[in-house]
Structure formats: C-alpha cells, structure tokens
Amino acid sequence: MSTTTPPAQAEATAERPQTLRGAPKTGADRVVAGTSHVVLVIWSIVIVVPVLWAILSSFKTSSEIFASPFALPEAWSLTNYQTAWDQAGIGRYFFNTIIVVGSALVLVMLLGSMAAYVLARFQFPGRRIIYYLFLAGNTFPIFLAIVPLFFVLKGMALLNTLPGLIITYVAFALPFTVFFLYAFFRSLPDEIAEAASVDGAGLWSTFFRIMLPMARPGLASITIFNFLGLWNQFLIPVAINTRQDNWVLSQGLAAFAGQMGYRTDFGALFASVVITILPVLIMYIIFQRQLQSSVTQGAVK
Amino acid sequence: MTHANVAATPGSSTAPRRRRSPLTFDKASFFAVFLGLPLIIYVIFVISPFAQAFYYSLTNWSGFSPDMKFIGLKNYQRLFSDEIFLKALGNNVFLAIVLPLTTIILALALATMATVGGSSVGEVRGLRGSALYRVVTFFPYVVPAVAIGIIWSMMYDPSSGLVNGILVDVLQVKSLDSFAWLGDPRTAMLATIFVILWSMTGFYMVLFIAAIQGVDKEIFEAARLDGAGRFRTAVSITVPLIRENVQTAYVYLGILALDAFVYMQVMNSAGGPEYATVVMSQRLFKAAFTDGQAGMASAMGVVLAVVTLLFASLVFLVNRLTGGESEGKKER
C-alpha cells in the first residue's frame, strides 16, 4: 500500500529526466518531511496509548489501578478475565452477540443481495419506488423509529427475544446493504446472465450459481462493514432486548460500567473491554487492507 | 410484477425472449422470495415504525396502557418550552458544528502530511511509512463506541486516570490535580468531543488520502512550478479538488453528532454536570423507556429527524453556493 507505485516513477523518469526519483532533497523538504513524521507519530501515539493502557490495566487489581495509572501489574494473572467472563456475565453476552450478529449477518447478506439483484437487473413497475424506499432507510435516524419499533416487536411477541433482535438487525442493515450491492450488481456484465438463461438456467440458479459468486468482492466488503456495525450496535439492543439473559456485549459492558461505584471491580471492567475489542481487532488485522481499500474506492468514485 | 423482465442494458431490445414466458412458477417464486421477503421485513420493522412515529408524536400515549388521545401539536409545544430539551438541542447543534469541523481539519492536515509531505523537488509523492500511520489511526473506527467511552472515562478519571497522570505527575501541572474532566461543566463537552474526534479522525484521514491520491498529480506539479508553497497548495488546490469528499464527511460526522447517543450515555449517562453534555437522543430514550412518555418521545424523534434533514440540506446548500459541483454533474 505504498503511496508511490514503481511504474509511475519509471514513467516519470523516462519522460521528465529532471524529476528523477533520486532528485536531491532540499533542506526545506527535510524539515517538512520531518515535521510531518513527528505530527503523524504523535497522533499515532495518542491513538495507541489509551488502548494499550486499557490492556495493561486489565491485568491489574482494583487497588493497583487506584494506586497509579503507570505502574505495571504485580502479577500478570488472568483473574480479571475470569471474573469478567463468569461473574460479570461477559461470557454469556459474548455468545449471545456471536449468535445474534452471526445469524443477522448471514440473513442480511442473503436477503440484501437478493433484493439488490432484483432491483438492479430487472425492470418492473414500482422498481424506482422500492429503490427509493430503501434509500429513505439510510436517511432517517433510528431514533425516529425506536419507540414504535418497540411496540411492533411487542405486538409480535418478539420483544426481548434473540429472534426479535436478529430480525431487527437484519431490517436496519438492509438499506445500507441493498444500496451498495445495487451499485455492484449494476456493474456486472449482462452477457453472462443472458448466456445462462439461453442455456436454460432458471432465475434462481442464475442468481445462486452465477451472479452471487461474481459479486463476491462486493459482498466481502459489505459483510465487513455490516459485521462492525452490528457488533458495535448499542441503541437497538438497549431498547428492545432488555432481558439480562439475552444481553449482547455492548449493553452488558455499558451496564457493567454504569454500576460503577466503590465496589466495582475496575480490573474486570478493563478485561471486559478488552474481550469486546478482541474480535474486532482480529477482524481488523485480517481485513485491514480490504477495509481501507473499500473506503478508498468510495472516495475515488 | 407480471411485467418482470430481464433488464438488459437500457434501450436494448431483447424483448422476444422475455415475452415468451409470461409467469412461470420459477419467475413467480423468484420475485416473491427475492424481493417480497426482504421488502416485507423492511416495511414491518423499519418503514412502518418511521411512519407511526409521526402519528404517536401527536398523542399523549404513555406506552404502558392502550389509552391514547390525539392532542395535536401539544407535545411539540411542551418540548420547545422544556429547558432541558432545549439545552440538549443546543448541545446537538454545537456538536454538529464543532465535531465535523475539528475532525475534518485534523484529518485533512494529517492526510496532507501523509501524501504530500515528501520531496518538493521532482515528482509529488507521499511520505515514507504512511501506510503504517493509516493502519494505526484507522483502528479506533472499528472499536465499539461503548468500549471507547469506557476506556476514555477511565482515562479521564480524576485520580487514577492516565490523562491526569501524564499532566500532573509527568508534566507537573499541579493545578490539574484531581481535576474531573467529565465532571466539570466547563470541560465535559470538549473532553467528550475529543473522544469522538479520537475515534473518527483515522477513518476520514484514510478517506482524504485516497481522494488526494485520486487527484491528477500534474495539477500539484503545476501549482508547484507556479511557486505555490505547501500550505497554499493544500488550501487552494487540494481542498477545492476533493470538496465532494469533504462534503460527504461533513454530512456523516454531522449525523453522528446529532445522534451521539452511545458516547454520551457511556461517559455521562445523566447528561453531565449541569446538563453540559445532554443530547436529544438521551432525552428521547429517557422519555420512552423510563418515564413512560411514548408520545412525547416520538415527538422528540421527529424533531431529531427534522434537524438531521435540515443539517444535511444545509451542508449541500452551502457547498452549492460556494461553488461546488452542480446537481447534474454529481449524478453521473
């Protein structure tokens, strides 16, 4: 991901000999480059330090945390993690989150790509209206819907249940998913779908055997963004999923921090934070390139 | 839906094949499942609540009992004479102005340094190692806001937090000893804004770096040959060229600022000292789920939605008036 690509340099060298790569740097250049590095390093430190500090504190006891923000833990034990996982219920919330986010992710990608595919590649009356309906969902704040949503779920006996939370996640992730996959399906070539249709493939099999596999790159980036969005979701669960057994990580974490008082186990709180961050950190390390290039494509478009 | 056609490129006539099969089982089931199923879920759980909110906002419904009386605009009248709500509205507006501005300026400055911080002689090129900076600064964007809020409320802790630890113990600013950043009405809001800034800057930095790299390099070289300095280039060349990205960033950050629920709820769940950090979403949540004022909460939701739409249109309008791309060009 270097910012200067070798081919471009070679070209520049050939065309404009005076702009060689090895052109001597002026003194001012060194100062600017130096200052830029210093500023960027400082900001990187500002980003990294709180995260590292939280990880460090997750190994300390509460009294060690109160004693000094700098001191290292006396013993590097996993006691806090055990407490967080068992007594604070983080373990349970963790599994709830995996079930809810996992199911919602599969469903929203399936339903979202199906709807986007139909909207992008078929002509029928009402197509534009439906498209704009999905667009509208991206525009209004969830807060406008949250009160009636509560009663919709209540009326369907889905309030405070995991299926209720899953279907709500799916519904609210749909507009984003449809919007981006719509653009993606539009960009796929027509010839292949036509060839499949000539070969006698039905609409169903054309989608699942040909179009969906072709859309894989688009699906991958939308899946990552949906994963992050759903894993980090807070408002929807605290509003419609209030039974403690069904809590997801974000709400369990907030409740744990909310009861902060003198008796709170701060070490365990830090451990809970680290447990919540760990999955996204792993995702980030694996998919960091893809994530950044999705943002990049969005910028250049 | 009986007209369902395979959409070839617009205008091309592949009609014969399409007309051949009016409505087979394959086609009917395909449309019912592919479009019908997502649409039903979406309408029940998203569109219908949005629409119902407008109606509920005109009632005195508590949410606890089925009793509901139509009271016209009374909820709105009460809202606009409710001091705490007005304070919250003011805080949201303040956030929507300050948060995008600071985040975008910082992100632009960092992006400029990472892209054009290299040599001023020869080809315009980026700073060595800028990939690493991007990876690091982007990271908070993926961390759950709840976790960020908790980490930072601990960072800001008056006695055992790292912020005062550095300021008091290391830098010897003794006047800040045990200073409660989130507990003092003078600093609570700015301290909170810094946290959101902290989490968002990396994302927009990456966005702007991509936008700057998408600009034709010869434009920068031309500016340089004309004798434009780096700062001048950044302000007069770079920003106008990537103004569409800046506009997008402004809208997204503004929408985030008008919500701000998670950060506020985690760092100061009661609204902060003297309601210094209270925002509309917190009042709405309290009215709906603690106070049993479903009608009133819906009215707050409507106000929040209207302010959000106004904000977005304002940004587009300002961009147009100051010479942004015209509508036609944007719709490419």
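This is a predicted model: local features need pLDDT of at least 70, side-chain atom pairs count only at pLDDT 80 or more; totals for chains, interfaces and linings use all residues.

In which helix of chain A does His37(A) lie? Select His37(A) and you land in helix H2 of chain A; helices (H or I, at least four residues) and strands (E, at least two) are DSSP runs, numbered from the N terminus. His37(A) is partly exposed, because 18 other C-beta atoms sit within 10 Å. The cut-offs are these: buried means 20 or more other C-beta atoms within 10 Å of the residue's own, exposed means 12 or fewer, partly exposed is in between, and C-beta atoms are placed from the backbone.

Residues are numbered from 1 along each chain as its sequence is written, with chains lettered from A and ligands numbered from 1 in the order in which they are written.

**Stop 1: chain A as a whole**

Of its 301 residues, 41% are buried. Among contacts in chain A between residues at least 6 apart in sequence, 76% join residues at least 24 apart; a contact here means C-beta atoms, placed from the backbone, within 7 Å.

**Stop 2: helix H8 of chain A and two partners**

Select residues 127-139 (helix H6) and 162-187 (helix H8) of chain A; the two pack at an angle of about 120 degrees, with their axes 8 Å apart. Axes are lines fitted to C-alpha atoms, for helices over the stretch in contact, and angles run from 0 to 180 degrees between N-to-C directions. That angle is why H6(A) is called oblique to H8(A): under 35 degrees counts as roughly parallel, over 145 as roughly antiparallel, 65 to 115 as roughly perpendicular and the rest as oblique.

Show side chains for Phe134(A), Leu135(A), Gly137(A) and Asn138(A) on H6(A), then Leu174(A), Pro175(A), Phe176(A), Val178(A) and Phe179(A) on H8(A), and you have the contact. Its residues split into seven nonpolar, two polar and no charged. For that tally, Ala, Val, Leu, Ile, Met, Phe, Trp, Tyr, Cys and Pro count as nonpolar, Asp, Glu, Lys and Arg as charged, and the others, Gly among them, as polar.

H5(A) and H8(A) pack at an angle of about 35 degrees, with axes 6 Å apart. This contact's residues comprise 23 nonpolar, five polar and two charged.

**Stop 3: a loop in chain A**

Move to Ala157(A), in the loop between helix H7 (142-155) and H8 of chain A. Most residues other than glycine have a negative phi. Ala157(A) has a positive phi of about 60 degrees although it is not a glycine. Ala157(A) is exposed, because it has 10 other C-beta atoms within 10 Å.

**Stop 4: over to chain B**

Chain B has 15 helices and one strand, and 47% of its 332 residues are buried. Colour residues 15-56 as domain 1 and 76-330 as domain 2; these bounds come from an automatic or database domain assignment. The domain centres, taken over C-alpha atoms, are 38 Å apart.

**Stop 5: where the chains meet**

How many residues of chain B are in contact with chain A? The count is 94, facing 91 residues of chain A. Helix H2 (residues 25-56) of chain B gives the largest share of the chain B side, 21 residues. That side divides into 61 nonpolar, 26 polar and seven charged residues.

Then pick Ile150(B), in helix H6 of chain B. Ile150(B) is buried, because 25 other C-beta atoms lie within 10 Å. Leaving out residues up to four places away in sequence, Ile150(B) touches Leu253(A), Ala257(A), Leu269(A), Val273(A) and Val266(B). Tyr263(B) is 113 residues from Ile150(B) in sequence and 8.9 Å away in space, C-alpha to C-alpha.

**Last stop: Glu274(B)**

Finish in the loop between helix H12 (261-267) and helix H13 (280-289) of chain B, where Glu274(B) lies. Glu274(B), though not a glycine, has a positive phi of about 50 degrees. Glu274(B) counts as exposed, because it has 12 C-beta neighbours inside 10 Å.

Technical notes. Two residues are in contact if their C-beta atoms, placed from the backbone, lie within 7 Å.
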